[in-house]
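Please look over the sequence and the three-dimensional structure shown here before reading on. The report after them takes up contacts and local geometry in turn.

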Amino acid sequence: MKKGLSYLAVGAAAGVAFSIASQDALRAAGAGANSGVTLFAEVFNKVREKYAEKPDDDKLVKGAIDGMLASLDPHSTYFDPKALQDFQTSMKGEEFGGLGLEVMMEDGLVKVVSPIDDTPAARAGLMTGDLVTRIDDAPVRGLTLKEAVDKMRGPAKSSVRLLVERGVNKEPKEYTIVREIIHVQSVRSHVEGSDIGYIRVTQFNQEAYDGLRKAFEHFRADPGFAKLKGYILDLRNNPGGLLNQAVEITNSFVDSGQIVSTRGRNADQEQRYSARPGVNLSLGKPLVVLINGGSASASEIVSGALQDLRRATLIGTRSFGKGSVQTILPLGEDGALKLTTARYYTPSGRSIQARGIEPDIVVLENIPTDLKGKVSSLGEASLFGHLKNGKEEEKGSDAYVPPEKDKDTQLQAAVSLLHGAKPDALRTPAATVTSQ
Amino acid sequence: MNRKAAYLGIGVIFGAAVTVAAPQALLSISPAAYAAAAETYRQLNLFGDVFDKIRNDYVEKPDEAKLIEAAINGMLSSLDPHSSYMDAKAFKDMQVQTKGEFGGLGIEVTQEDGIIKVVTPIDDTPAAKAGILSGDIITAIDETPTQGLTLDQAVEKMRGAINSPVKLKVVRGPKKEVKDFTVVRDLIKVQSVRSHVEDGDVAYIRITQFTEQTADGLKAAMEKLKTEIPAEKFKGYILDLRNNPGGLLDQSIDVVNSFVDRGEIVSTRGRTPEETQRFDARPGGDFSGGKPLVVLVNGGSASASEIVAGALQDHKRATLIGTRSFGKGSVQTIMPLGQEGALRLTTARYYTPSGRSIQAKGIDPDFKVLEDVPDDLKGKDDMKGEASLKGHLANGDEDTSASQAYVPPNEKDDKQLTAAINFLHGVKPSETTSAKTETAAPKTEAAKADAPKSDGSKNDIPAVTSPSDTARPN
C-alpha cells in the first residue's frame with residue numbers, strides 16, 4: 001500500500017546524492033575586488049537608496065543568492081538556518097509529531113494512501129482510500145498537499161480533528177486523533193511468497209544502511225531462509241539521499257570492485273569508492289533491482305553499480321537521470337549552501353546524467369485511466385538548466401507503482417525471474433512501450 | 001488586422017510607465033543607510049561568500065558575469081515584478097521600443113505552430129514596397145531556415161542597420177508558391193497612434209503604446225481628423241487605450257494635456273516627501289476644442305494608459321467605457337549601469353489628480369461594457385491584473401479578479417467601440433450598456449470558470465504571450 005504514495009516523492013528528486021564537506025574543503029574568500037561583485041554592490045546600493053519603499057536587505061541578498069544558484073542547475077540551492085535544520089532532520093531519518101498517514105492529493109482533497117501500522121491513525125481506524133475533507137474544521141480544498149500535511153502534523157500529545165469521506169457513498173466520518181512521534185523507516189522488508197527477500201529502500205538517509213542490515217537479520221531469522229531464491233531491491237520512486245549510504249548498500253551485495261567514482265572540476269578531484277571485502281550480506285543469491293522514472297541519484301548509483309558489476313538484473317523503466325553530487329557547504333550562522341560539486345560515474349565509467357539507467361528488462365505498469373499522464377517523471381533532462389551530458393539525453397519514464405501487490409507487474413516480473421522465468425517472457429512488448 | 005495584433009501585444013505589459021533618469025551616479029549613502037551599515041556589510045559578505053564558494057567548488061567553471069547577472073535579477077525580482085536588470089542587448093531593445101524606431105523591413109509578424117507568418121506589411125515601408133503580403137509565410141531569412149527560431153530570434157534577424165539588405169524566402173497562398181525577396185532595410189517608425197473617422201462624425205484614435213513618438217503622433221492625428229470631419233458635425237473623440245501596456249511617463253502627460261488645458265495631471269511619490277513630483281497641464285496644450293471624449297479601457301490597459309484614463313476621469317473630461325484596467329500604479333526609472341546595461345527600478349508610485357493610487361486596483365470604467373469572446377479564446381481573454389502578480393506593491397483593498405482584455409478583430413463585433421460611438425451620438429450608455437451588461441454578465445462568469453486556475457505567479461502573464469500568440473513588428 002505504501003507504494004502508491006511514492007510517486008509523489010518524485011518531486012523531491014532534487015534532494016540527492018551529496019557528501020558533507022569537511023571544513024578544510026572550504027576555501028578562503030576569493031581574490032579580493034572583482035568587477036562582478038562591484039556591479040552587484042552598485043545595484044544593491046541603488047536599490048537601497050532609490051527603491052519606492054525601504055527594502056529589506058536580508059530579502060535582497062537572499063533573492064540574489066537564490067537567483068545566482070538557480071542559474072547554475074536545478075539542484076544547487078541555499079538553505080537558510082531553518083531550512084538547513086529541516087534538511088538535516090530529514091537526513092537523520094524523518095521523525096515528527098503526526099498521525100501516521102501516508103497521503104496524496106486527489107482532485108483537491110487529501111486521499112489516504114495508507115495508515116502506517118501501529119500509529120494513531122491506524123489505531124483510530126482510518127482506512128486506505130479515505131478522503132480527508134476537513135482538518136480541525138478548516139476545509140482541505142484549496143490547500144496544497146504540503147499545507148495539508150503541515151496542518152496534520154504538530155506536537156506529540158496534541159489532538160487533531162479530521163472529517164473524512166469514505167467509499168463510494170462518501171459516508172462522512174469524524175475522527176479526533178492524538179498525535180505521536182512518527183518515525184518513518186527508510187527500509188522495509190518482508191519475505192515475498194515464501195522464498196524471496198523483498199527490500200524496499202524509500203530514501204538514502206542516515207539510517208538506510210542500518211535498516212538494510214536489519215532486513216537481512218530478519219531474513220536470516222526466517223525459518224525458510226535456506227530456501228530463499230534471491231532478493232528484490234525495490235528502488236522505485238526513491239529520490240536519492242546520501243552518497244555514503246548508497247555505497248554501503250551496494251557493498252551489501254558485492255564483495256569487490258569499484259562502486260562509483262565522483263569527479264569535480266579538476267582531475268585531481270576524482271574520488272573512487274570501492275567495495276570492501278567481508279561486508280556482503282547477500283551470500284551471492286540472485287538479485288533483482290526494481291527502478292522507474294522516480295529512481296534518482298543515490299538510487300541510480302546503486303542500480304548502476306549493480307548492473308555494471310553484473311550482480312543484479314534491473315527490471316522496470318528508465319531511471320530519472322540525475323548524475324550529479326551536491327555538497328553541503330556551511331555558511332556559519334547563515335545556513336548552508338547545497339552546491340553541485342561533482343558528477344558521478346558508474347564502475348564502467350558511464351555518466352547517467354540526463355540519460356538515466358535503462359533496465360535490463362523493461363516492464364511497464366498498467367496505469368489506471370484517471371492517473372494517465374500524471375504519473376510520469378519528466379526526468380533530469382527536462383529540468384531547466386540541468387547539467388548537459390552530450391547529445392544523447394533521455395527524458396523521464398513512468399513512475400507509477402500500483403498500490404495492490406497483485407497488480408504490480410514489475411514486482412511480479414521480478415518474482416517470476418527469480419523463479420526461473422525467461423527474461424523475454426517478462427519484457428513488455430516494444431510496441432506497448434512506445435505507445436504509453 | 002492591426003487591431004488583433006494589438007490585442008495580442010498585451011505581452012509587453014511589463015513595459016510600463018518609465019522615466020529615463022539623468023545618468024548621474026547615485027552612489028552616495030544616505031544617513032539612514034549608516035545605521036544599518038553593519039548589518040548590510042554582513043549581508044554583502046554573505047553574498048561574497050556564496051559567490052566565492054561557487055567560483056571555487058562548482059562542478060564546472062562558472063561564467064562569473066552570468067552569475068552576477070542572475071544574482072542581480074534574483075535580487076530585483078524579490079522586490080516587485082517591474083524591477084529588472086537589462087543587459088546591453090535588453091537595454092538597447094528597450095531604447096528601440098521607447099524610441100519607437102529601428103532599422104528594419106516594416107512587417108508585423110506572428111508565429112503559429114512554429115511558422116513565421118506576416119500579419120501585415122506596414123504602409124510605406126520596404127516590405128510593402130517589395131510586395132510582401134499579409135499571410136505570407138517566411139521560411140528563411142538570409143538563407144537561415146526560420147524553423148526552430150523563436151519569434152524574437154526571427155525578428156532580430158530581420159532587423160539591422162539602415163540600408164543593409166536582407167533576403168527573405170516566402171511561401172504564399174494555398175499553392176504554396178515560393179518567392180524570394182531582397183529587401184533593403186529602412187528606418188521603421190512604430191506607429192503608436194492610429195486614427196480614422198467613425199460614422200462620419202466621430203474621431204477615433206488608438207494609442208498602442210507610449211513611445212517617444214506618441215505625443216507628436218497624437219497631435220498629427222488630431223489635426224488630420226479635424227480636416228476630415230466638418231466642425232459642425234464633429235461629435236467628439238474616442239481615445240482607445242485598450243491593451244496598451246504603457247510606456248513613457250512624459251508622453252502620457254502630454255497626451256492628457258492634449259485634452260485638458262489646466263490642472264494637475266499626475267503626481268509621483270517616492271520613498272521620501274522630497275521626491276514627490278507634480279505634473280500640471282500647460283495652458284494652451286489642449287487641442288480638442290472641448291469636444292466630448294470617450295476613453296476605452298480594458299484589463300490590458302496598464303500604467304501610462306492608466307495615468308491618462310485616471311486623469312481624464314478625475315477631471316471629468318472623459319467618459320470611460322470598457323472593463324477595469326490592469327492596476328499598475330508604479331513608476332520605473334532607468335539607471336544606466338556598468339558597461340552597457342541598465343537597472344529598471346521601481347522608484348515611485350503615481351497618484352491621479354484626486355489623489356488615488358490605482359496600484360493593484362485598476363480604474364473602473366464609468367460604464368462597464370463586455371465584449372463577446374469567441375469560444376476558442378475563452379479563458380485566454382481575461383487579464384489577471386497587477387494584484388495577481390507575485391510580489392507586487394501592496395495597496396490596501398486590492399482587486400485580484402481578472403478583467404476582460406479582448407478586443408474583437410472585426411470592428412462590427414466591437415461592443416465597447418459601438419457603445420462609445422452611441423454615447424457620442426447621445427445614446428445614454430447607462431441604457432445601452434446596462435442591458436448589454438445584463439446579458440453579457442453570465443457569459444463573463446462562464447469565461448472565468450473556463451480560465452485556467454492560476455497560482456498568482458507571474459507565469460500567468462506569459463501564458464497569454466506565448467510566442468505563437470504574439471505579433472511583433474520588425
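The sections below go from the contact between the chains to helix packing, a hairpin and individual residues.

## Basis of the model

This is a predicted model, in which local features need pLDDT of at least 70 and side-chain atom pairs count only at pLDDT 80 or more, while totals for chains, interfaces and linings use all residues. Residues are numbered from 1 along each chain as its sequence is written, and chains are lettered from A and ligands numbered from 1 in the order in which they are written.

## Contact between the chains

In chain B, 54 residues are in contact with 50 residues of chain A, contact being counted if the C-beta atoms of two residues, placed from the backbone, lie within 7 Å. On the side of chain B that touches chain A, the elements giving two or more residues are helix 3 (37–57), helix 4, strand 18 (330–337) and strand 19 (341–351) of chain B; helices (H or I, at least four residues) and strands (E, at least two) are DSSP runs, numbered from the N terminus. Helix 3 of chain B gives the most to this side, with 16 residues. By class, this side of chain B has 28 nonpolar, 14 polar and 12 charged residues, where Ala, Val, Leu, Ile, Met, Phe, Trp, Tyr, Cys and Pro count as nonpolar, Asp, Glu, Lys and Arg as charged, and the others, Gly among them, as polar.

The axes of helix 3 (residues 57–70) of chain A and helix 4 (residues 64–77) of chain B come within 6 Å and cross at roughly 135°, which makes helix 3 of chain A oblique to helix 4 of chain B. The axes are lines fitted to C-alpha atoms, for helices over the stretch in contact, with angles running from 0 to 180 degrees between N-to-C directions; angles under 35 degrees count as roughly parallel, over 145 as roughly antiparallel, 65 to 115 as roughly perpendicular and the rest as oblique. Among the residues that meet are A:Leu60, A:Gly63 and A:Ala64 in helix 3 of chain A, and B:Leu67, B:Ala70 and B:Ala71 in helix 4 of chain B. The residues of this contact divide into 9 nonpolar, 5 polar and 1 charged.

## Helix packing within chain B

Helix 9 (residues 249–257) and helix 10 (residues 304–314) of chain B have axes that come within 9 Å and cross at roughly 30°, so that helix 9 of chain B is roughly parallel to helix 10 of chain B. Residues including B:Leu249, B:Val255 and B:Val256 in helix 9 meet residues including B:Ile307, B:Val308 and B:Leu312 in helix 10 of chain B. This contact has 8 nonpolar, 2 polar and no charged residues.

## A hairpin in chain A

Strand 11 (residues 187–192) and strand 12 (residues 196–201) of chain A pair in the antiparallel sense over 6 bridges, pairing being assigned if DSSP finds at least two bridges between two strands. A:Val187 has A:Val201 in strand 12 as its bridge partner. The two strands form a hairpin with 3 residues between them, and A:Gly193 in the turn has a positive phi of about 65°.

## Individual residues

A:Ser297, in the loop between strand 16 (287–291) and helix 9 (298–308) of chain A, has a positive phi of about 60° although it is not a glycine. A:Ser297 counts as buried because it has 34 C-beta neighbours inside 10 Å; a residue is buried if 20 or more other C-beta atoms, placed from the backbone, lie within 10 Å of its own, exposed if 12 or fewer, and partly exposed in between. B:Asp124, also not a glycine, has a positive phi near 65°, but with 12 C-beta neighbours inside 10 Å B:Asp124 counts as exposed.
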